[in-house]
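Hi everyone, thanks for coming. Please have a look at it on the screen.

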Amino acid sequence: MDMYKRGSFGSGQEYGGLEGSVDGVQFPKFRYHPDPVKTGAFLKSDSAVVCQCCNNPTDIYYSGPFYAEEEVDILCPACIANGEAAMKYDGEFQDEYSTDDDVDDDERLDELIHRTPGYHGWQQEYWRAHCGDYCAFLGYVGYKELEQMGIVDEVLDDDTIWKEWMKPETMLRNMVDGGSVQGYLFRCLHCGKYRLWVDCD
């Protein structure tokens, strides 16, 4: 699947939780991924498809990563939100070991890996955390988007991510949304600080 089938992040755009309906389809709220339609985690089909978990027709289906032994192509938003998809296929939407390790709460981890739509990374997807909780994934960004939002200094001030890079400023300036160096933007649900993850193709 194309990891860049998604809306652009946009200058200074804030993400609020999606809840209600999308194109007439009832849509659940995902705390750690508040706008998964905008980020491309869910795609809209021209005609109804059948969710492999509940066997109900849907025209909005999941397009992100799902780690399970059985190959699963079509999942509706409801089956992800209520945990039925993860339970039926014994799967995860996010690798539990590819997260920041400062969250000591099994219920929050369960919500993240079993009931939250993931995102596409060049390499292994990684989920940021802050204030003892997982952050909300906002979308895919490059340096230009961070500069437009006025948060370049804030993400550079995060020692957790940059300790692996010798020249974080250079890495950040080479980051282009949809390019070989890709940024993934998160925001703390409690204090509002932005957190970034970066990987390369």
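Let me begin with a question: in what order do the three strands of the open sheet come, and is the pairing parallel or antiparallel? The order is S7-S8-S9, and the pairing is antiparallel. Before we go on, please keep in mind that this is a predicted model.

If sheets are new to you, here is some background: strands of a sheet pair through backbone hydrogen bonds, either parallel or antiparallel.

Back to our sheet. Strand S7, residues 136–141, and strand S9, residues 194–200, stand at the edges. Each of them has a single partner strand, so one side of each is left without a neighbour in the sheet. From one strand to the next, the twist averages 25 degrees.

Now let's look at one pairing. S7 is joined by five bridges to strand S8, which covers residues 181–187. These two run antiparallel. To find your place on the screen, look for Ala-136, which stands opposite Arg-187 in S8.

Is S7 mostly covered or mostly open? It is mostly covered, with six of its six residues buried.

Let's step back to the whole protein. There are seven helices and nine strands, and the protein has 201 residues, of which 52% count as buried. What about contacts along the chain? Take those with a separation of 6 or more: residues 24 or more positions apart account for 60% of them.

I'll finish with a single residue, Ser-98. You will find Ser-98 in the loop between helix H2, residues 84–89, and helix H3, residues 106–115. Is Ser-98 buried or exposed? Its relative accessible area is 10%, and buried means under 20%, so Ser-98 counts as buried.

And which residues does Ser-98 touch? Leaving aside residues up to four places away in sequence, Ser-98 touches Gln-124, Glu-125, Tyr-126 and Trp-127. Its side chain also makes a polar contact with the side chain of Asp-95, at 2.8 Å.

That's my tour, and I'm happy to take questions.

Conventions
Residues are numbered from 1 along each chain as its sequence is written. This is a predicted model: local features need pLDDT of at least 70, side-chain atom pairs count only at pLDDT 80 or more; totals for chains, interfaces and linings use all residues. Side-chain values use heavy atoms; hydrogens and water are left out. Helices (H or I, at least four residues) and strands (E, at least two) are DSSP runs, numbered from the N terminus. Buried means under 20% relative accessible area, exposed over 50%, partly exposed in between (1.4 Å probe, protein chains only). Contact means heavy atoms within 4.5 Å. Two strands pair if DSSP finds at least two bridges between them. Axes are lines fitted to C-alpha atoms, for helices over the stretch in contact, and angles run from 0 to 180 degrees between N-to-C directions. A polar contact is a pair of N or O atoms within 3.5 Å; within protein, one must be able to donate a hydrogen and the other to accept it, and residues adjacent in sequence count only if both atoms are side-chain atoms.
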